[in-house]
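Here are a few friendly notes to read alongside the model. Please keep the 3D view open as you go through them.

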Amino acid sequence: MKNAGKIILIVVVAILFFGSSVQAQLDASEDVNVYAEILDTITIDPGDMGVQDMDFSFGTSPTGGNARIILGTDGSLTVDADSGANIFWNDTGTPAVVQVGGTPDRAYVVSIEDFEVTPSQSTSSGDVSIALADSVSGDSLTVDQFLVEGTNIVDSAFSLDGDGFDELTIGAVLTVTDGISVGNYTGQFILTVAYE
């Protein structure tokens, strides 16, 4: 009987030892660090130097088809006309230039919306377009495909330099339709920048 008591005692000690060992493996803890960073406010035109407006210059209304006037970030204008379309267009325009300021070395994104469109109707995708209207005829032209250095402006991230500045030189494409009325076509777009 003495041996039976020892066996029971050994079994109870073994259960307590292994049971507490298993219990210790079910729990673990680790310190977790928490961080927050306060950024400078991101701004447009931080040096109060003004924004350079976009200008597609001048040309004639196409006949026999539509034309797309491509404004490069270097100010060059290239005509891409439908087959059979006849058009003259000046070869030099002015890209928009916008200065951006904020926290150094931070990424940011850009959105564009038509000045005349309510925010609920606007888009920040690559297919955003704005209308240029002639106040006399009521006709309108379309500007889209906003580019910075060959990259769609609203599908890309940009970066502020080590001093917290960046310059966006923006080109786009103007679509001129066959037989559009002679006139002065104007429009505006809203450019918004935000940290990524």
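1. Let us begin with a loop. Asp-105 sits in the loop between strand 4 (96-101) and strand 5 (107-114); strands here are DSSP runs (E, at least two residues), numbered from the N terminus. Its phi is near 60°, a positive value in a residue other than glycine. Most residues other than glycine have a negative phi. Asp-105 is exposed, with a relative accessible area of 58% (exposed means over 50%, buried under 20%, partly exposed in between, with a 1.4 Å probe and protein chains only).

2. A word on the source: this is a predicted model, where local features need pLDDT of at least 70 and side-chain atom pairs count only at pLDDT 80 or more, while totals for chains, interfaces and linings use all residues. Residues are numbered from 1 along each chain as its sequence is written, and side-chain values use heavy atoms, leaving out hydrogens and water.

3. Ser-57 also has a positive phi, about 65°, although it is not a glycine. Look for Ser-57 in the loop between strand 1 (43-44) and strand 2 (67-71). With 26% relative accessibility, Ser-57 counts as partly exposed.

4. Which residues does Leu-174 touch? Including Phe-56, Trp-89 and Leu-132, the list leaves out residues up to four places away in sequence; contact means heavy atoms within 4.5 Å.

Technical notes: Helices (H or I, at least four residues) and strands (E, at least two) are DSSP runs, numbered from the N terminus.
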